[in-house]
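Subject: Structure handover

Hello,

Here is the structure for you to take over. My notes on what turned up in it follow below.

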Amino acid sequence: MNAHVLANVATTIAMKQTPAGLDGLIAGETAISTLDHGLHYRGYALEDLVRNATYTEVAYLLLRGELPTTEALADFRAILAEAAEVPAAVVQLLQELPLHIAPIDALRTAISALAHFDEQANETDDTANLGKAIRLLGQVPVLIAARHRLTRGEELAGSDPELSFAGNFLSMLTGQIPTARDERALEQSLICYADLEFNASTFTARIVASTGSDLHSAITAGVGALKGPLHGGANEDVLDLLLSVESASQAEKFVRDAIAKKRRLAGFGHRIYRDRTDPRAVVLKDICSDLATTDEQRRLEEIADAIEAAMWSHKQLRPNVDWPTARLYRMLGLDAELFTPLFAAARVAGWSAHVLEQQRDNRLITPRAKYVGPPPRALLPLRER
Ligand code: CMC
């Protein structure tokens, strides 16, 4: 057999072994993050980063491979602040998009539009990619906040370079300087959302990058993948679910009924974290407990705990990252429709790092499909069909 035939045989064998949804398949290499032994970004444990780092440091780490020095961080923050200028035409576009569209859809459109104003839009070398990634990182919160305030008829709140990434994001959304406690809680959630190996939206972004296409296209595609309810869209559904359960004592019946109807409950289950809890859910649950100070907030924490316990006893399913973030963002006073855009804003760092990595050592990602359609057949002329 020649090499070509051998390669085809190997492909056929591999195809037979490929599980639905590529479950468990190693689809490539990355030095950015791993879900082995919890969650690590570039070797650092998520828990350490959440405790001791800012989101900006984590974004730098993902993009550049190392944590920044004080000087490098100051430079990075200065570039981010400069990037926060969004072209007036894009703000105008955000104003003109129909009112009924979801903020995550408006964000996807606006990121795509930003490419038209970036002089390096179609350059795919490392330096251009890094520059564009940093600009996007600064611009995405501005886009989200602008659309949010415009649809409510509110004045835009300017970006403040003196604030942290999270503090600035919150102040642009709400028009008020956040408390240190709220700022830090948002920051910690953004760190949790920043990257996750080859998740669906990141893999989407890498596929786009592998064709030689540009960073804005890859990130736009990533947002499209993220919004689905099985992925980032779940954090918005979690709040509806939680609010539909009136008290902790009703949780058991609610879960039993849902499972009997084969309903999927947002915020539970994970493709990879099957035999341990998503580490992001663990750290964020503690943050939620600390944040919950009012009777209403504590009541929601109790309901969440009761649902968790029932999900475990009825289906042995554990919570994922979206379970606590929905409560956390509600405690920060944010509307549910902002939850997935917040996830996207954090994931810009991870998506971009993966685009950079993919294009540094690229091979076009093009798998095969196992064909299950009709066998070869003769084409009848139109009049004989
Ligand atoms: N609620 C109820 N049942 C569930 C859930 C859920 N959330 N997740 C899985 N199951 C059941 C599923 O119905 C199946 O049951 P059975 O064996 O009786 O048919 C069993 O658990 C195994 O399901 P699976 O389809 O093999 O699980 P998966 O690994 O393909 O699914 C998932 C992963 C995230 C798509 C799924 O757990 C899910 O739909 N969760 C709800 C949506 C969600 O919270 N997504 C956010 C994921 S984490 C954040 C992110 O990175 O996006």
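Predicted model: local features only at pLDDT ≥ 70, side-chain atom pairs only at ≥ 80, totals over all residues.

Residues are numbered from 1 along each chain as its sequence is written, and side-chain values use heavy atoms, with hydrogens and water left out.

Salt bridges

R152 and D335 form a salt bridge through their side chains, at 3.0 Å from N to O (a salt bridge is a side-chain nitrogen of Lys or Arg within 4 Å of a carboxyl oxygen of Asp or Glu). This pair links distant parts of the chain, 183 residues apart: D335 sits in the loop between helix 16 (322–331) and helix 17 (339–360), and R152 in the loop between helix 7 (126–151) and helix 8 (165–174). Helices are DSSP runs of H or I with at least four residues, numbered from the N terminus. D335 is partly exposed, with a relative accessible area of 32%. Both residues also belong to a network of salt bridges that links R149, R152, E154 and D335. The whole structure has 21 salt bridges.

Two other pairs lie within helices. R51 and D48 meet at 3.3 Å, N to O; they are three residues apart in helix 2 (residues 46–52), and therefore separated by about one helical turn. R51 is exposed at 55% relative accessible area, and D48 is partly exposed at 39%. In the salt bridge between E187 and R184, the closest N and O atoms are 3.5 Å apart. These two are three residues apart in helix 9 (residues 180–193), so about one helical turn separates them. E187 is buried at 4% relative accessibility, whereas R184 is partly exposed at 24%.

Ligand site

Which residues come nearest to the ligand? Of the 22 residues around it, they are H231, R264, L265, G267 and K315 (a residue is near a molecule if one of its heavy atoms lies within 4 Å of it). The shell divides into nine nonpolar, six polar and seven charged residues (Ala, Val, Leu, Ile, Met, Phe, Trp, Tyr, Cys and Pro count as nonpolar, Asp, Glu, Lys and Arg as charged, and the others, Gly among them, as polar). At least three shell residues come from each of domain 1 (42–231 + 337–360) and domain 2 (235–331), with bounds taken from an automatic or database domain assignment.

The polar contacts (pairs of N or O atoms within 3.5 Å; within protein, one must be able to donate a hydrogen and the other to accept it, and residues adjacent in sequence count only if both atoms are side-chain atoms) include these:

- A polar backbone atom of G267 is 2.8 Å from an oxygen atom of the ligand.
- A backbone N or O atom of F268 is 2.8 Å from a ligand nitrogen atom.
- A polar side-chain atom of R271 is 3.0 Å from a ligand oxygen atom.

On its own the ligand has 930 Å² of accessible area, of which the protein covers 75% (Shrake-Rupley method, 1.4 Å probe; for residues, only the protein chains shown count as cover).

One contact within the protein

N320 is in the loop between helix 15 (295–315) and helix 16, and is buried at 9% relative accessibility. Its side chain reaches the backbone oxygen of G269 at 2.9 Å.

Regards

Note on methods. Buried < 20%, exposed > 50% of the residue type's maximum accessible area, 1.4 Å probe, protein only.
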